[in-house]
Amino acid sequence: MNDELSGKVALVTGSSRGIGRGIALELAAAGCDLMLTGRDTAALEAVAAEIRSLGRRASVHAADLTASTEPAVLAAALDKAFGRLDILINNAGAVRRSNFFETSDAEWQDGFALKFFAHVKLARLLWPKLKASGGSVIAISGIGARAPVPDYMIGASVIGASLAFMKALAEIGKRDGVQVNTVNPGSVDTDRFRHRLTRIMAKTGLEQEAAIEHHRRELDITRFGTVEDVAGLVRFVVSPRGRWIHGSALDIDGGQVGPLRMSVYD
């Protein structure tokens, strides 16, 4: 724990669990105060308590960012709680896998509403604060757009749109002094990963550790990632040491992209 980001305020969407929670705690350990948002109030309050135990401030605003008005409500809550913003981490959004021919228009709309349009709206709403502080924006996207597969079309399409948006936003960031980057995690050990692992174990009859190794070899990766791996990269990028990184899409995936071997269980 150190104070390399002391006095900074960060907003992390989707911060009640998984990668978002890990990023929030990592930034708090580096000295940030946190605005937390997600759909689960109880889970958010638990993360806030952990942050406060580190001696940092934390404010909670439960929201469903698929609702068109919620980004503006969240921005107002941030202003009331802290009055400034230095770091925006657009992490919210998990797009489920589905059969293309069985996927409804509503599912496509929901995927873009949360993991694309909400990010766009928050960046636009909060840009003046980020410009004033010389802040940073990071989108937590994924590797889906780099190696799209049929059962993850929504996710791959949303990520592709996000990558293009963030690259263009980085050009504005050069003019306005705001750092803009994307982080693309591969297979990270989260609740979603454990759910996938259960399916692999049922299909193969393997015990947990053997199933993990089986899946690792299938994907041809060095190992599965941890939340701390992703959070540590985010912390570095937004710290003074990482400020030269700009307009980048940073894969953190153990070599999963190119050539990619996708699991039949995904």
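Glu 213, with a relative accessibility of 29%, counts as partly exposed. Keep in mind that this is a predicted model. The side chain of Glu 213 meets that of Arg 217 in a salt bridge, with 2.8 Å from N to O. Both sit in helix H7 (residues 208–219), and because they are four residues apart there, about one helical turn separates them. Arg 217 counts as exposed, at 59% relative accessibility.

Let's look at a couple of others.

Take Asp 79 and Lys 129, whose side chains form a salt bridge at 3.1 Å, N to O. Asp 79 belongs to helix H3 (residues 70–81) and Lys 129 to helix H4 (residues 105–133), so this pair ties together parts that lie 50 residues apart in sequence. Asp 79 is partly exposed, with a relative accessible area of 40%, and Lys 129 is partly exposed too, at 24%.

Now head for the start of the chain. There, Glu 4 and Arg 235 join their side chains in a salt bridge of 2.8 Å, N to O. This one links distant parts of the chain: Glu 4 is in the segment before strand E1 (9–13), while Arg 235 is in helix H8 (residues 227–238), 231 residues apart. Is Arg 235 buried or exposed? Its relative accessible area is 10%, so Arg 235 is buried. Glu 4, at 22% relative accessibility, counts as partly exposed.

Terms used. Residues are numbered from 1 along each chain as its sequence is written. This is a predicted model: local features need pLDDT of at least 70, side-chain atom pairs count only at pLDDT 80 or more; totals for chains, interfaces and linings use all residues. Side-chain values use heavy atoms; hydrogens and water are left out. A salt bridge is a side-chain nitrogen of Lys or Arg within 4 Å of a carboxyl oxygen of Asp or Glu. Helices (H or I, at least four residues) and strands (E, at least two) are DSSP runs, numbered from the N terminus. Buried means under 20% relative accessible area, exposed over 50%, partly exposed in between (1.4 Å probe, protein chains only).
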